[in-house]
Amino acid sequence: MPSEISYDVAVVGAGYAGLMTALAVSVRTAGALRIVLIDKRPWAEHPKVDARASALSAATINLLEKLDVWSRLKPHACPVEEIALTDPIGDSPLRQVLLRYENTVDDGPASWIVENTHLMTALRTRVERDGAIDVLTGNGIEAVTAASANAHITFGDGRTLATPLVLACDGARSPLRASAGIPVVGWDYPQAGIVTTIAHDRPHHGIATQHFFSGGPFAMLPLPDRRTSIVWSEQKERAAEVMAMDDAAFVAAVSDRVGTSLGTISLDGPRASWPLRLQLARRLTAPRLALIGDAARSVHPLAGQGLNLAARDVAAVADTVFDACALGLDHGAADTLETYERSRRFDGGSATLMFDAINRIFSNGLPLLRSLRDAGLELVDRTPQLKSFFVAEAAGISGEDL
């Protein structure tokens, strides 16, 4: 065995972004490149169940179709037929609907909801049968050094790997981003996220609902059958209290937020919580390195767009690699990576700041601000052209396409 293994592309991190990235580069280049997907933990050690669910935009589903993943995933996904935004009146069970619209684009749903457990399983299954992708797990990276023609990856057991391009999909705390000296700008929110899945005795009719409470947005995302994913942003102290409750008290707290539309509810999965933070990398590239997904940015979960932004990164980097290879150019060179940076910088940065602004505006009980935001949403509700614009943006049809 050679002392240094060589690959055309190394993808570091085997979460959703890493799995999609490895597949997209393989599919876009028709299997012509040797790709390695590196995960520091053996896959068997990853959690079996993820409490979260994801909103997949039409553009992301288009990407998953081209990666031959969507057909496996679709039976576990629920189309979002309609979106409703409400402004609850204090602790009252009344829910004033400020904006409601059909969530369709090109005669189909603009988005679908799927549990992350099913998403991860479908992506891993597809990666495992892709002949161009090797998976290396259970061995952490000690160092990555960039040279003129290659990046050299050193593992904890002393093995080394050479590749012209490293794609960092290693999460919000990305060690690769840090080792490359790429700074980030960001701040912690005074909120924590709480997620769980509930079952209920009334149908949700495919309606995704966002209640805007003063402590933070509370999203109800429809799942197959009479089940709903809950994404609850709450002040940190209150979130800790909620997570410390027993199941009966927790269900009661969720029920107060859900209201009466779904009837009697019960837990249908685990609950999880994490602190919320905005973070944006000041650059998306370094010598022989590009950042993808959460390594590039972390956004507030209120709009459920983190995965869709990552999917646009994935499509963009796959196109960049393909174009360079088709012209006989170095697909890890600085000018090649600059093309990727230009394609993703504005979209990723503007989306991050927009979601932050929405959270600040709606997680606020000031009477004047509340009146202004409610009037704005009511204006959108009466303007079909604005509704169409928001649906198109949520569908991601202006984003990158593989």
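Two rings of Phe, Tyr or Trp count as a pair if their centres lie within 6.5 Å. In this predicted model, the rule gives three aromatic pairs. One of them joins Trp 70 and Trp 112, and another joins Phe 213 and Phe 218. The count of disulfides is zero.

**The tryptophan pair**

- The ring centres of Trp 70 and Trp 112 are 5.3 Å apart.
- Their planes stand at 80 degrees, so the pair is edge-to-face; the cut-off for that class is over 60.
- Trp 70 belongs to helix α3, residues 70–73. Trp 112 belongs to strand β10, residues 111–115.
- The pair therefore ties together parts that are 42 residues apart in sequence.
- Trp 70 is buried, at 6% relative accessible area. Trp 112 is buried as well, at 14%.

- Phe 213 and Phe 218 have ring centres 6.4 Å apart, against a limit of 6.5 Å for a pair.
- Their planes meet at 85 degrees, so this pair is also edge-to-face.
- Phe 213 has a relative accessibility of 8%, so Phe 213 counts as buried. Phe 218 is buried at 0%.

**Charges over rings**

- Arg 257 lies over the face of Phe 213, with 4.0 Å to the ring centre.
- Arg 159 has its charged end over the ring of Phe 155, at 5.7 Å from the centre. The distance limit for such a contact is 6 Å.

- Strand β17 covers residues 207–213. Six of its seven residues are buried, so the strand is mostly covered.
- Strand β18 covers residues 216–223 and pairs with β17 in the antiparallel sense. Five bridges link the two strands.
- Two residues separate β17 from β18, and the strands form a hairpin.
- Thr 209 stands opposite Met 220 in β18.
- In a regular strand, side chains alternate between the two faces of the sheet.

**Cysteines**

- A disulfide is a covalent bond between the sulfur atoms of two cysteines. The model has zero disulfides, with 2.5 Å between sulfur atoms as the cut-off.
- Cys 78 is buried, at 7% relative accessible area. Cys 169 is likewise buried, at 7%.

Notes:
Residues numbered from 1 in each chain as written. Predicted model: local features only at pLDDT ≥ 70, side-chain atom pairs only at ≥ 80, totals over all residues. Heavy atoms only, no water. Buried < 20%, exposed > 50% of the residue type's maximum accessible area, 1.4 Å probe, protein only. Phe/Tyr/Trp six-rings, centres within 6.5 Å; stacked < 30°, edge-to-face > 60°. Helix = DSSP H or I, 4+ residues; strand = E, 2+ residues; numbered from the N terminus. Lys NZ or Arg CZ within 6 Å of the ring centre and 35° of its normal. Pairing = 2+ DSSP bridges.
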